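Reader: I'd like to learn how to read the helices in a model like this one. Could you walk me through it?

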Amino acid sequence: MASSTQAIISPGGSSISSDIPGFISINSSFLPQGTEAQQQQYQDYSISLVYNVTQGYITSSSPDIDRNSTTSADNVSKNVMVPSLMFLFGVFGNILALIILTVKPSKDSKSTAFYHLVKALVCMDLFGIVATSPVTIIVYLNDGIMKTGGTALCHYFSFLLMLAGNATVFTVLVMAGERFMVSKYPFQYSRFVRPMVVNLTVGLVWGYSTLIALLPVLGVGQNKSHWPYTWCFFDYRSTDIGGQILSYFYAISGLLAILITIALNLTVIRHLWSMRKNRLRATFRSSSKSFPGQEGNSGGSGPDSELRMVVFLMAIIIVFTVCYAPLMIALMEH
């Protein structure tokens with residue numbers, strides 16, 4: 001890194017001039033202000049990275065970008081290229097998923113509600129990408145979200161991130177509950193689960209998520225731009241009562257939803273795996289007693305369907321454990 005005077009952003013937001021060459025260097029890490037500011041920057045970056053990976057939104061750039069230096073046209077084009085490509089891939093992937101779910105829906109009546117919830121999840125993700133990614137590209141070009149649209153744009157961006165994050169977590173929780181009812185209480189499921197009930201549940205999830213996302217706008221906590229100032233989220237480091245209530249409420253409710261989802265999915269996986277072993281055992285016995293040429297007629301696609309469901313539920317558990325749970329814990333720690 002070239003030797004030059006660089007600005008260190010203090011926790012209060014003021015700039016402290018440093019003549020030490022290379023802010024992101026070992027020498028500069030001995031400065032108290034730089035160390036604390038650097039830690040906050042990497043915390044902001046790690047939280048934004050969760051939304052990049054799980055939601056498909058580009059909210060920040062690499063943590064070693066010096067936003068106080070003059071940015072060349074090549075660097076700007078490289079920065080804009082990343083969110084642009086992720087926007088295209090995100091839109092294409094979600095539209096493709098919607099086409100597959102619509103053109104080839106499951107013929108199993110017990111899977112109808114589940115795939116309807118999957119479509120709701122895809123629609124929310126597609127809405128979030130379309131609503132935020134173009135803004136992010138403009139923010140990259142203007143070097144900062146507050147410089148681009150001020151407080152109004154900051155509220156807009158934070159609202160969408162909170163809405164999409166909560167809607168994703170709670171929709172997946174409803175999906176886990178639906179699978180649990182199918183496997184454990186099939187009779188009650190067939191009586192009470194109807195398309196209207198599923199639509200009402202999705203509406204309640206989205207309404208609840210919208211209410212939580214509006215809390216900072218209504219005065220419970222506040223939204224602010226986070227490093228590197230290309231995205232906004234509620235102030236999870238706030239020391240006032242409203243900010244702390246929002247941070248703990250957001251984190252604890254999300255963490256509880258994740259833990260319940262994992263517990264339900266593990267129960268369903270155990271049940272499905274037991275069904276698969278019993279069905280394969282029965283298929284093997286029936287095929288051994290059948291006449292030549294009749295092997296494999298019984299058993300059908302049941303075991304394959306169960307295996308696909310187990311893989312899908314395991315993928316949900318892994319994503320939530322690796323991505324969402326650390327995010328909620330990090331929010332509580334701050």
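Predicted model: local features only at pLDDT ≥ 70, side-chain atom pairs only at ≥ 80, totals over all residues.

Reader: Where does α3 have a kink?

Author: The kink in α3 is at Thr132, shortly before the proline Pro134, and amounts to about 25°. Helix α3 covers residues 112-142, and its first and last C-alpha atoms are 45 Å apart, close to the 45 Å expected at 1.5 Å a residue. After α3 comes Asp143, with a positive phi near 60°.

Reader: Now for pairs of helices. At what angle do α4 and α6 cross?

Author: Angles run from 0 to 180 degrees between N-to-C directions. Here the axes of α4 (residues 145-184) and α6 (residues 195-218) cross at roughly 145° and come within 8 Å. The crossing is right-handed.

Reader: Which residues make the contact?

Author: On α4 they include His155, Phe159, Met162 and Phe170, and on α6 they include Trp206, Tyr208, Ile212 and Pro216. By class, the contact has 14 nonpolar, six polar and no charged residues.

Reader: And where does UniProt place the feature "transmembrane region"?

Author: The unreviewed UniProt entry places that feature at several stretches, including residues 113-141, 156-176, 197-218 and 248-269. In the model, residues 156-176 are 100% helix, with end C-alpha atoms 30 Å apart. Residues 248-269 are also 100% helix, and their end C-alpha atoms lie 31 Å apart.

Definitions and conventions
Residues numbered from 1 in each chain as written. Heavy atoms only, no water. Helix = DSSP H or I, 4+ residues; strand = E, 2+ residues; numbered from the N terminus. Left-handed = near helix turned anticlockwise from the far one by under 90°. Contact = heavy atoms within 4.5 Å. Nonpolar A, V, L, I, M, F, W, Y, C, P; charged D, E, K, R; others polar. UniProt positions renumbered as here; feature names shortened; annotations may be inferred. Expected span 1.5 Å × (residues − 1). Bend = angle between axes of the 7 residues up to and from the residue.
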